[in-house]
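Please look at the sequence and the 3D structure shown here before reading on. The briefing that follows takes up the helices and then the strands.

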Amino acid sequence: MRNVQQRSIDASADEIGTLLERVATVDGHLWPAPAWPPLVLDAGLAPGSKGGHGPIRYSVSEREPGRRLRFVFDPALGLDGHHEFLVVAEGPDRCRLTHTILGTARGRMRVLWPLVIRWLHEALVHDLFDNIERAATGRVNHPARWSPWVRLLRRLRKTSRRRG
């Protein structure tokens with residue numbers, strides 16, 4: 001599986017890279033919680049740090065401060081592979097922020113990824129991109145909008161939590 005989400009932002013790669021370094025901090029206000037489960041890592045962005053968000057578990061495998069963060073999935077998740085953020089300059093005051101997942105789904109994740117996880121993941125990443133763009137520029141040119149499918153999945157999840 002390969003899933004790529006990206007956004008060009010009217011800010012320097014250095015500025016977006018600095019914001020990306022705050023993605024796992026509670027006071028960074030970048031991670032889109034409480035709409036999504038918070039990102040928690042036991043040792044911040046240091047390689048080897050373990051954690052994740054909600055049921056999605058992973059650990060930091062590589063870090064180039066301000067440029068790239070790579071996480072490997074916990075093998076128990078049913079995804080063999082990684083996801084990463086990458087910041088690339090497109091000029092002095094513009095850059096591209098990319099989030100990529102590369103991997104192979106196993107077990108129940110072969111069904112959950114294409115039907116549920118993929119759509120929720122993409123919505124979360126775009127909400128995160130909104131927060132980073134807003135922090136860098138004071139506005140969001142094209143705010144993310146949850147699809148009807150994402151809204152239904154979130155409603156079903158909320159309903160099942162109330163029953164549980």
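At what angle do the axes of helix α1 and helix α2 cross? The axes of α1 (residues 13-20) and α2 (residues 109-137) cross at roughly 125° and come within 10 Å, where axes are lines fitted to C-alpha atoms, for helices over the stretch in contact, and angles run from 0 to 180 degrees between N-to-C directions. This is a predicted model, in which local features need pLDDT of at least 70 and side-chain atom pairs count only at pLDDT 80 or more, while totals for chains, interfaces and linings use all residues. Residues are numbered from 1 along each chain as its sequence is written, and side-chain values use heavy atoms, with hydrogens and water left out.

**The two helices**

- Helices (H or I, at least four residues) and strands (E, at least two) are DSSP runs, numbered from the N terminus.
- α1 and α2 are therefore oblique to each other, given that angles under 35 degrees count as roughly parallel, over 145 as roughly antiparallel, 65 to 115 as roughly perpendicular and the rest as oblique.
- On the side of α1, the residues E15, I16 and L19 meet I132, A135 and A136 of α2, contact meaning heavy atoms within 4.5 Å.
- By class, this contact of α1 with α2 has five nonpolar, no polar and one charged residues, where Ala, Val, Leu, Ile, Met, Phe, Trp, Tyr, Cys and Pro count as nonpolar, Asp, Glu, Lys and Arg as charged, and the others, Gly among them, as polar.

**The sheet**

- Seven strands form an open sheet in the order β1-β7-β6-β5-β4-β3-β2, with antiparallel pairing, and two strands pair if DSSP finds at least two bridges between them.
- The edge strands, each pairing on one side only, are β1 (2-9) and β2 (39-45).
- α1 lies across β1, β2, β5, β6 and β7 (94-105), and runs at about 145° to β6.
- α2 lies across β1, β3 (50-53), β6 and β7, and runs at about 15° to β1.

**Two hairpins**

- Strand β4 (residues 56-64) runs antiparallel to strand β5 (residues 68-73) and is joined to β5 by six bridges, with F71 in β5 as the bridge partner of V60.
- Three residues lie between β4 and β5 in their hairpin, and G66 in the turn has a positive phi of about 75°.
- β5 also pairs with strand β6 (residues 79-91) in the antiparallel sense over five bridges; R68 stands opposite L86 in β6, and V72 stands opposite H82 in β6.
- The hairpin of β5 and β6 has five residues between the strands, and G78 takes a positive phi near 100° there.
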